[in-house]
Amino acid sequence: MSTDRQGATVYRPPEQHPAVHPDGGESVGVLVSRATQQVSDLVRAEMRLAMAELKDKGRHAGRGAGLFGGAGLVTLYGAGALLAAVIAALALVLPVWAAALIIGVALLALAGLLALMGRGETRHAVPPTPERAMSSARQDVAEIKERATTGHAGTGPTERAGRESRGGRR
């Protein structure tokens, strides 16, 4: 429905509707509106993907830091046991300090193992950038540019980003 020059309400058939282009396609305004919505949806989906990736890296960093802290604590116990072994060696002959020395070496070996595990966990968190999300965003920009130059409209990048934010690609 629209109004004519005298202000009367007039029904226009679909082929004469302003949102429909004369060749049967949609008008530029409708296409721009749809493209704006799709870009908005795509950006939101990419942000959700980036947030999920950063949370995962944060978990790895937290575990690594905890394991390094555990290694430091066990190192202190090992050093204490080694000091007790030295004191026991001076106070008594062999049995007490030998036992303390064995315990101290075992604790330091455990500290070394925890440190290696902590280093492995922190490697998963570095660098703290959402690499998968950035790569996906680059692919989306390239696809949008390609579609803009070839004139194909569609929802390819938006649908792909939606799948990725729901865990479709890891």
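**Exercise 1.** Find the salt-bridge partner of Asp-41 and state how far apart the closest N and O atoms are.

*Solution.* Apply the criterion for a salt bridge: a side-chain nitrogen of Lys or Arg within 4 Å of a carboxyl oxygen of Asp or Glu. Asp-41 meets it with Arg-44, whose closest N–O pair is 3.6 Å apart. Helices here are DSSP runs of H or I with at least four residues, numbered from the N terminus. Last, classify exposure, where buried means under 20% relative accessible area, exposed over 50%, and partly exposed in between (1.4 Å probe, protein chains only). Asp-41 is partly exposed at 30%, and Arg-44 is partly exposed at 47%.

The model is predicted: local features need pLDDT of at least 70, side-chain atom pairs count only at pLDDT 80 or more, and totals for chains, interfaces and linings use all residues. Residues are numbered from 1 along each chain as its sequence is written, and side-chain values use heavy atoms, with hydrogens and water left out.

**Exercise 2.** Determine which parts of the chain the salt bridge between Glu-121 and Arg-63 ties together.

*Solution.* The N to O distance of this salt bridge is 3.9 Å. Glu-121 lies in helix H2 (residues 95-125) and Arg-63 in helix H1, so the bridge links parts that are 58 residues apart in sequence. Glu-121 is buried, at 19% relative accessibility, whereas Arg-63 is partly exposed at 46%. The search of the whole structure finds four salt bridges.

**Exercise 3.** Describe the buried and exposed faces of helix H3.

*Solution.* Begin with the length: H3 (residues 131-150) has 20 residues and spans 29 Å from its first C-alpha to its last. This is close to the expected 28 Å, the expected span being 1.5 Å times one less than the number of residues. Then list its buried residues: Ala-133, Ser-136, Asp-140 and Glu-143. They lie on the same side of H3 because they cover an arc of only 85° around the axis, taken from the directions from the helix axis to the C-beta atoms. The face turned away from that side carries the exposed residues Arg-138, Lys-145, Glu-146 and Thr-149.

Finally, follow Glu-143, which is buried at 18%. Its side chain forms a salt bridge with Arg-147 (3.1 Å, N to O). Arg-147 and Glu-143 are four residues apart in H3, about one helical turn. Arg-147 is partly exposed, at 25% relative accessibility.

Note on methods. Helices (H or I, at least four residues) and strands (E, at least two) are DSSP runs, numbered from the N terminus.
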